[in-house]
Amino acid sequence: MNYTLQKHLAYNLWANTNFAEALKHTEEELFDKEVASSFPSLQKTVCHMWDAESIWLSRINGVSPSVWPSQTFNGTRDQCLDGFLDISKNLSDFFVGKDNTFCAQTISFKTMHGDDASETIEGIIFHVVNHGSFHRGQLATMLRALGINQVPVSDLIRYLRQS
């Protein structure tokens, strides 16, 4: 069992859950409101995070998607947040019982631009968690810009102290 990766993925799920729960309690029209950031709304940022986790899990499973999963998403705010949490949970669950040999494997895949690439599974998971932390920071800033000062907790040390 690779305890480090499982712990990081459990943290990622915990932090994503904290944000999803907070976003479910914001005014629905704020979810789509434009805010200056890498992605122009809370929804687009969440969809990007959902896309990334989905694409990396697909690649680990030998599939190289060529279309962003959210490209055809037309659901509600709650459906978006539920889908985002589902993929975070699936990613975390996938690694339960995976050993260091599995995690040290280098996998080959196609990028979204069709280029050949490869990376270790461990490197991918560290990237996914770091990527999520970056965008959760953006979500926090966007929430504050929208006048919401009760921003969810997502610090790793808070997770470690609670678990």
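The model is predicted.

Begin with helix α3, residues 42–60, and helix α4, residues 77–94. Their axes are 9 Å apart and meet at an angle of about 30 degrees. Angles under 35 degrees count as roughly parallel, and α3 and α4 are therefore roughly parallel to each other. The crossing of α3 past α4 is left-handed. On the α3 side, the residues that meet α4 include Val46, Cys47, Met49, Trp50 and Glu53. On the α4 side, the partners include Cys80, Leu81, Phe84, Ile87 and Leu91. Sorted by class, this contact between α3 and α4 contains twelve nonpolar, six polar and one charged residues.

A disulfide is a covalent bond between the sulfur atoms of two cysteines. How many disulfides does a search of the whole structure find? The search finds zero. Cys47 is in no disulfide, although the sulfur of Cys80, the nearest cysteine sulfur, is 3.6 Å away. The cut-off is what matters here: a disulfide requires the two sulfur atoms to be within 2.5 Å. Cys47 has a relative accessible area of 7%, so it is buried. Cys80, at 0% relative accessibility, is buried as well.

The loop between α3 and α4 contains Phe73. Which residues does Phe73 contact, leaving aside its neighbours within four places in sequence? They are Gln43, Cys47, Trp50, Gln79 and Cys80. Phe73 therefore touches both of the cysteines described above, Cys47 and Cys80. Phe73 and Asp51 are 22 residues apart in sequence, and their C-alpha atoms are 11 Å apart in space.

Next comes helix α1, residues 3–24. The axes of α1 and α4 come within 9 Å and cross at roughly 170 degrees. Angles over 145 degrees count as roughly antiparallel, and that makes α1 roughly antiparallel to α4. Residues of α1 in this contact include Leu9, Asn12, Leu13, Asn16 and Leu23, and those of α4 include Arg77, Leu81, Phe84, Leu85 and Ser88. By class, the contact of α1 with α4 has nine nonpolar, five polar and five charged residues.

Helix α1 also meets α3. Here the axes come within 13 Å and cross at roughly 155 degrees, which makes α1 roughly antiparallel to α3. The crossing of α1 past α3 is left-handed. Asn12, Asn16 and Leu23 of α1 make the contact with Leu42, Val46, Met49 and Glu53 of α3. That contact is made up of four nonpolar, two polar and one charged residues.

The last stop is Gly132, found in helix α6, residues 121–145. Gly132 is buried, with a relative accessible area of 2%. Not counting residues up to four places away in sequence, Gly132 touches Asn12 and Met49. Asn12 belongs to α1 and Met49 to α3. Gly132 and Glu53 are 79 residues apart along the chain, with their C-alpha atoms separated by 8.7 Å.

Conventions:
Residues numbered from 1 in each chain as written. Predicted model: local features only at pLDDT ≥ 70, side-chain atom pairs only at ≥ 80, totals over all residues. Heavy atoms only, no water. Axes fitted to C-alpha atoms, helices over the stretch in contact; angles between N-to-C directions. Helix = DSSP H or I, 4+ residues; strand = E, 2+ residues; numbered from the N terminus. Parallel < 35°, antiparallel > 145°, perpendicular 65-115°, else oblique. Left-handed = near helix turned anticlockwise from the far one by under 90°. Contact = heavy atoms within 4.5 Å. Nonpolar A, V, L, I, M, F, W, Y, C, P; charged D, E, K, R; others polar. Buried < 20%, exposed > 50% of the residue type's maximum accessible area, 1.4 Å probe, protein only.
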